[in-house]
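This report describes one structure in plain terms. Keep the sequence and the model in view while reading.

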Amino acid sequence: MSSEAMAAERPNYLNATTGLKSWLLTLDHKRIGILYLLGVSAFFVLGGIFAMLIRLELVTPAGDLVQPDAYNRLFTSHGVLMVFFFLIPAIPGVLGNFLIPIMIGTKDLAFPRLNLLSWYLFMAGGTMALGGIIAGGVDTGWTFYTPYSSTYTMTAVIPVGLGVFVNGFSGILTGLNFMVTIHRMRAPGMTWFRLPLFVWSHYATSLIQVLGTPVLAITLVLLVFERAFHIGVFDPTRGGDPVFFQHLFWFYSHPAVYIMILPSMAVISELIAAFARKRIFGYHAVAFASIGIAVLGFLVWGHHMFVSGQSVYAGTAFSLLTMLVAIPSAIKVFNWSFTLYQGSVSFQTPMLYALGFIGLFMIGGLTGVFLGTLGFDVHVHDTYFVVAHFHYVMVGGTIMGYLGGLHYWWPKITGKLYPEFWGKISALLVFVGFNLTFFPQFLLGYMGMPRRYHAYPEEWQVLNVLSSAGASILGLGFVLPVLYFAWSLKKGPLAGRNPWGARGLEWETDSPPPTLNFDEPPVMNHEVYPYADGEPGSTSGMKPASAH
Amino acid sequence: MSDIHVVPVKIYVAVFLTLMVLTAITVAVAFVDLGALNNVVMLGIAVAKATLVVLFFMHVKYGTRLVPLVAAGGFFWLLILFGFTLSDYLSRGWLGAGTPWMR
């Protein structure tokens, strides 16, 4: 019997128990990670279909594919599904769940049952929101702004709002679980400053989830009460204020951007270290930058409200504070770049995604500084410039990190290698398709094309056609990994423990790992990222099991 | 585990009775016109009650130092929410515009 076959037959978390029930009632963080993978993928496909319909409508200046009402429902459904049910849970739910206990050298999260409950709340919330979308949809935009959402719209605000409310508790519980696990369950020798930066960044994410999400929850409850019982919190005729909704909503929803981007930064730190064969330059600074982003992210929400009627004095303060977030973000980007300097850089698929992330996040981040500037924001408010900016952060940032991480740890998760050639093609398609989709939108926005309209003047057609063409390429880039990942499950070569020759506790256990993660409880007796200077990179790509 | 603290029942009863007394005072104050002081008294009582619940019923008094730190962090974040939101409402009228909420 070959060594590969023997390795495959060792008990692991995938073959330890079988049957649907063993998955639906599992308490294993790795299996729950897989459940999240299935869940977020389903919502991503649905959100993607809505996106394609939007781009199809915008190929021609006339509103000829859907009516304005249907268009409003399309972009709202796209936003709600992508933000709340894909971007926010994707990396913590899938990769965070799978990796955090292994990276800190323990057998599971602190509260395994709570972890499973998180997934069920996520699915229940998603199902409720989807039910609302099917039963008529919502046309408020993903932001649910009052007074339209509370008083005027006849669409399904209550079920969708309640779906997002329920899903919020999933995020709170996951954040709580991660924080307790990181505090209490680290392996002997795993000090705070030996934690992989993946863990630091997830800790920062958890802080935001625990401190911010309850505010969104209560805001949505107030909205539902306002709509159902006319309690008057947001209604000026009853002493309320519609702008108050925006304060409460953005107190969570601006930090929520960092719930999306910090886990992606978590992945990027691991990828840069592994594919430059170097310890991350300025490890401590990058770790504290994560916490800095989490804290500062709570002080800037008013930059979403410059034209809402908010006091100009508050607006000025929020504008100044917004500039501060650029500092920890830049610390990360500069330190990743310095890590590459004199590293043994190899351009495998995950690294292509990581490098793509740095470029796209920089454009997204810097245009965020533009938008944080009061005068400029008034000019481009509610235009495609804003749409392009936040897609550069959310798609260029979060999805690049998510895909990079999924490729990097796929051999660990499944024990199988994917075809590297097709991986690189897909990374390239995503990068090119993404830029072609969203860069023209900066130009459209600057020229004044407003967001959320299904028709536009003819002179903007060329840029819109380019954007839609880019979306097709982007879509292809997303379909390819589905195909070759599925192929790899059946026919991919066995991965072995450490196909990338990377450092970290997750690479010291089997692929796929045993149910309790390690045969022997690990001890961390060295610094994190112990790459030797001048260590050769993995230029030949992934090494299958027989090579080790 | 060493960090589990068993609280005597009489402490729970004492806290419960205190909460009831404070509730009765809240109701009583509602019938006395103290002007603007009514709100101050009621909010003061509410804060005192919440503190009792957090310290005794939620065991924050008996946890490690990290537990009160986390609880205080939560309240600090609430202050951020209130503080920055009020920075809008309190300064909206400075340019003479005012809002329905302020009027």
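A salt bridge is a side-chain nitrogen of Lys or Arg within 4 Å of a carboxyl oxygen of Asp or Glu. The model is predicted, so local features need pLDDT of at least 70 and side-chain atom pairs count only at pLDDT 80 or more, while totals for chains, interfaces and linings use all residues. Residues are numbered from 1 along each chain as its sequence is written, chains are lettered from A and ligands numbered from 1 in the order in which they are written, and side-chain values use heavy atoms, with hydrogens and water left out.

**Salt bridges**

Side chains of opposite charge can pair when their charged atoms come close. Over all chains the count comes to 9 salt bridges. Three of them are listed here.

| Pair | Closest N to O distance |
|---|---|
| Arg10(A) and Asp510(A) | 3.0 Å |
| Asp519(A) and Arg10(A) | 2.8 Å |

Arg10(A) and Asp510(A) link distant parts of the chain, being 500 residues apart. Arg10(A) lies in the loop between α1 (3–9) and α2 (20–24) of chain A, and Asp510(A) in the segment after α16 (461–491). Helices here are DSSP runs (H or I, at least four residues), as are strands (E, at least two), numbered from the N terminus. Asp519(A) is also in the segment after α16 of chain A, 509 residues from Arg10(A). Arg10(A), Asp510(A) and Asp519(A) belong to a network of salt bridges that also includes Arg497(A).

How covered are these side chains? Buried means under 20% relative accessible area, exposed over 50%, and partly exposed in between (1.4 Å probe, protein chains only). Arg10(A) counts as partly exposed because its relative accessibility is 34%, whereas Asp510(A), at 12%, counts as buried. In the remaining pair of the table, Asp28(A) is buried at 8%, and Lys30(A) is buried at 0%.

Gly496(A) is another residue in the segment after α16 of chain A. Gly496(A) is buried, with a relative accessible area of 17%. Between Gly496(A) and Asp519(A) there are 16 Å in space, C-alpha to C-alpha, and 23 residues in sequence.

**Helix α4 of chain A**

Helix α4 covers residues 68–103 of chain A. The expected span of a helix is 1.5 Å times one less than its number of residues. Of the 36 residues in α4(A), 32 are buried. Gly105(A), which follows α4(A), has a positive phi, near 80°.

**Nonpolar cores**

A nonpolar core is a set of buried Ala, Val, Leu, Ile, Met, Phe, Trp, Tyr and Cys residues joined through side-chain atoms within 4.5 Å. The largest has 165 residues, and Phe84(A), Leu95(A), Phe144(A) and Trp409(A) have the most contacts inside it. Helix α9 (residues 242–276) of chain A supplies the largest share of this core, 23 residues. Apart from it lies another core of 8 residues, including Val7(B) and Phe56(B).

Contact means heavy atoms within 4.5 Å. Beyond its neighbours within four places in sequence, Leu95(A) touches residues including Phe198(A), Val267(A), Tyr402(A) and Trp409(A).

**Chain B**

Chain B has 3 helices and 0 strands. Of its 103 residues, 20% count as buried.
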